[in-house]
Amino acid sequence: MSNYPVISWQEADAEHSARWRSESGAPPPKRVVIADDRMTADAAYRLACEGTALLWRGDFQNARQLLQAMARRADEKPRKAKAAPATPLDAFNLHRQAKSQRARTLGMLLVPFNADHSIPLRRAPDAREACIEAYGTAAEPCIASLRELLGLISAHEWRKNGVQIPALAGMPGTLATLSITPTLSQGEREQTNRCADSISYARIHPHYGVFAPTRSEYVSLVADAPLPELINTLSVAFDIGTGTGVLAAVLARRGIKRIIATDQDTRALACARENRARLGLYAQVEIMEADLFPEGRAALIVCNPPWVPARPSSPLEYAVYDPESRMLKGYLAGLAAHLETGGEGWLILSDLAEHLGLRSRAELLALIETAGLQVLGKTDVKPQHPKVQDASDPLHAARQAELTSLWRFGAIEK
């Protein structure tokens, strides 16, 4: 906790301070006032817009209602209509700017935490488990935004309940795997046993800060694409940037006997390992910390990088935004050197960036050619997420035109 900044405020004619927690990387507010159930939504919203934070001392459920009322005010359209953006890129930049301003404003409603992550407010939920999953253990009281706390609670529910993955239907259970995996270490067996009571045969359980596989179309692409002819019982596959481990699990479900799944994010690595345990995949899947590729070659190398080449505004956005297409470029540039002769590299990528003017198809094809790769095939699918149908979304036109594709590459023989 000593590495976290301090937030200070005046209360009861005395100076107070506590550690400031913000997973989004927001700095501690410079101006803080005490607020309780007497605070009106209009007053709260006005103060938040001015950059004044509200440290809540009233009823927790009333704070939630106040935050909802502030959100409604933030979402109200201006009385004077603004000119439409000239280009899709302008629309994207204005959309991100508006989202960032909205997040800053709603993040000004703060709640206190005790040293054990309990919340000293009336009718507050027991969010200790959710906080420990995201923050780790604590040693002293802290302050965080109510909006972030609600995000932690929501992420905890996702982690507890999991995301149904149709492509994993029929995945063998953990208990069945124990009998055929005698080489597990004691620690691996203990983790497997802990998961056995709550095992879900076709679910992936995302951790806080790890991209949840709620867009099933990209998972289905990997589940349905034809495997390279080279694949046999001795073949190795790589899953680059594994995240929750969902694509590694799909490859295992398809019968590949050894998959090395890499990531460099500590939360993603822990998440992938937990899902490996839930699905009983110790014998097939190895989780490794690496920046892109592990050592060696593979018959199949799969990568689903962030789709939008823009700079994230917080650490939690790295699953969506890939600054300057760093991961995409790194994957393509290193792919040929890590493929077995006759092997394939699969790239799962949305063309949303093209429709937003952030990257052209010509630029993507140039990256592929420069990397010494040839396109063996490409399968497209239309996304089905709710925003596709939301005509009020500023990016509606781009989302309607979006396709998610699985590109199949082979190395050009020299």
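User: What share of the 414 residues in the protein is buried, and how is the word buried defined?

Analyst: Buried residues account for 49% of the 414 residues in the protein, where buried means under 20% relative accessible area, exposed means over 50%, and partly exposed covers what lies in between, with a 1.4 Å probe and protein chains only. This is a predicted model, in which local features need pLDDT of at least 70 and side-chain atom pairs count only at pLDDT 80 or more, while totals for chains, interfaces and linings use all residues. Residues are numbered from 1 along each chain as its sequence is written, and side-chain values use heavy atoms, with hydrogens and water left out.

User: How does the radius of gyration of the protein agree with that of a compact globule?

Analyst: The radius of gyration is taken over C-alpha atoms, and the globule rule is 2.2 Å times the number of residues to the power 0.38. Because a compact globule with 414 residues would have a value near 22 Å, the 24 Å of the protein agrees with the rule. Along the principal axes, the C-alpha atoms fill a box of roughly 75 × 60 × 35 Å.

User: In which order do the seven strands of the open sheet stand?

Analyst: Strands of a sheet pair through backbone hydrogen bonds, either parallel or antiparallel. Helices (H or I, at least four residues) and strands (E, at least two) are DSSP runs numbered from the N terminus, and two strands pair if DSSP finds at least two bridges between them. Here the order is β11-β10-β9-β12-β13-β15-β14, with mixed pairing. Strands β11 (285-289) and β14 (373-381) stand at the edges with a single partner strand each, so one side of each is left without a neighbour in the sheet. Neighbouring strands of this sheet are turned by 20° against each other on average, direction ignored.

User: How many bridges join β10 to β11?

Analyst: Five bridges join β10 (residues 258-263) to β11, and the two strands run parallel. Within this part of the sheet, Ala261 stands opposite Ile287 in β11.

User: Which strands does helix α11 lie across?

Analyst: Contact means heavy atoms within 4.5 Å; axes are lines fitted to C-alpha atoms, for helices over the stretch in contact, and angles run from 0 to 180 degrees between N-to-C directions. Helix α11 (residues 326-338) lies across β9 (236-240), β12, β13, β14 and β15, running at about 165° to β13. Helix α8 (residues 216-224) lies across β12 (298-303), β13 (339-350), β14 and β15 (404-411), and runs at about 35° to β15.

User: How many disulfides does the count come to?

Analyst: A disulfide is a pair of cysteine sulfur atoms within 2.5 Å, and by this rule the count comes to zero. For Cys131, the nearest cysteine sulfur is that of Cys142, 7.5 Å away, and Cys131 is buried, with a relative accessible area of 0%. For Cys303, the nearest cysteine sulfur belongs to Cys271 and is 17 Å away; Cys303 is also buried, at 0% relative accessible area.

User: Is Asn275 buried or exposed, and which residues does Asn275 touch?

Analyst: Asn275, in helix α10 (residues 266-279), is buried, with a relative accessible area of 2%. Leaving aside residues up to four places away in sequence, Asn275 touches Ile204, His205 and Thr244. Gln101, in helix α3 (residues 88-106), is partly exposed, with a relative accessible area of 37%.
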